[in-house]
Amino acid sequence: MRGVAASILIVEDEYAVARGLQYALQQEGYDITVARSGEEGLEIATRAAPDLIVLDVRLPGMDGFEMLRRLRGAGNKAPVLFLTARDEEMDKVIGLELGADDYMTKPFGLRELMSRIKSLHRRAYGELADAAGGRVIRHHDLLIDLDRRRVQRGDRRLSLTATEFEILRHLASRPGRVFSRRELIELVRDYEALDQDEKTINVHVSHLREKLEDDPSDPQFILTVRGAGYAFAER
Ligand code: CA
């Protein structure tokens with residue numbers, strides 16, 4: 001079962017740097033994937049929609065600039081932290097122009113990198129990033145307390161079933177990411193014996209919307225993506 005930890009894709013061809021980053025970030029509770037080339041990075045970013053990307057500029061084949069250009073071109077808005085070599089001032093400029101959110105110059109301290117990642121993540125996703133594990137999710141006046149399994153809109157506490165909570169938790173942990181009905185069944189199944197019929201997800205989502213949304217027929221939080229599944233609204 002997928003955890004609630006924020007996911008980070010590291011695109012870095014230098015083995016030692018990638019390993020060091022991976023280890024340090026895993027210690028902080030992040031869910032890490034490593035790609036060794038721009039092509040691989042782009043493929044994973046497109047398929048797995050990581051919450052954040054650490055991207056080396058100098059890569060064999062497709063470099064970091066090109067990967068970022070294609071990523072943004074495809075509409076992927078995940079925050080990107082660029083890694084540049086010392087003295088390559090132009091890299092920073094180009095990277096930021098292409099839509100990188102921040103950069104760090106190699107060699108960098110892990111502590112500094114960690115704090116940049118946290119602040120980037122917080123900027124992009126609000127309090128989801130307060131703990132690497134994303135213990136509280138806030139979206140407008142909706143608050144999802146993952147530890148207490150409590151959901152509120154403003155001062156109003158919502159009473160959700162375990163299945164409704166799980167569906168909401170998965171969707172809201174990755175705003176904008178489309179989850180198919182099949183995928184939601186798989187994710188929730190560990191928690192509750194769930195009918196394998198994909199239509200049961202529709203029923204749970206419809207109950208969830210009635211509790212959550214101002215107007216369940218015009219949802220603002222849980223969106224239907226026609227032919228694909230459901231997605232939690234992005235900010
Ligand atoms: Ca490199």
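The model is predicted, and local features need pLDDT of at least 70, side-chain atom pairs count only at pLDDT 80 or more, and totals for chains, interfaces and linings use all residues. Residues are numbered from 1 along each chain as its sequence is written, and side-chain values use heavy atoms, with hydrogens and water left out.

Aspartate 56 lies in strand S3, strands (E, at least two residues) and helices (H or I, at least four residues) being DSSP runs numbered from the N terminus. At 2% relative accessibility, aspartate 56 counts as buried, where buried means under 20% relative accessible area, exposed over 50% and partly exposed in between (1.4 Å probe, protein chains only). Not counting residues up to four places away in sequence, the residues that aspartate 56 touches include Val11, Gly64, Phe82 and Lys106, contact meaning heavy atoms within 4.5 Å.

Gly64 also belongs to helix H3 (residues 64-73), whose buried residues are Gly64, Phe65, Met67, Leu68 and Leu71. Seen down the axis of H3, these buried residues fall within an arc of 165 degrees, so they line one face of the helix; the arc is that of the directions from the helix axis to the C-beta atoms. Their cover includes strands S1 (7-11), S3 (52-56) and S4 (80-85), together with helices H2 (38-48) and H4 (89-98). At the start of H3, a side-chain oxygen of aspartate 63 reaches to within 3.2 Å of the backbone nitrogen of phenylalanine 65, while just after the helix glycine 75 takes a positive phi of about 90 degrees.

H3 and H4 pack at an angle of about 10 degrees, with their axes 9 Å apart, which makes H3 roughly parallel to H4, a description that applies to angles under 35 degrees. In this pairing, Phe65, Leu68, Arg69 and Arg72 of H3 meet Asp91, Ile94, Gly95 and Leu98 of H4. Arginine 69, in helix H3, counts as partly exposed at 42% relative accessibility, and its side chain makes a polar contact with the side chain of glutamate 66 (2.5 Å). Arginine 69 and glycine 99 are 30 residues apart in sequence and 7.9 Å apart in space, C-alpha to C-alpha.

Key. A polar contact is a pair of N or O atoms within 3.5 Å; within protein, one must be able to donate a hydrogen and the other to accept it, and residues adjacent in sequence count only if both atoms are side-chain atoms. Axes are lines fitted to C-alpha atoms, for helices over the stretch in contact, and angles run from 0 to 180 degrees between N-to-C directions. Angles under 35 degrees count as roughly parallel, over 145 as roughly antiparallel, 65 to 115 as roughly perpendicular and the rest as oblique.
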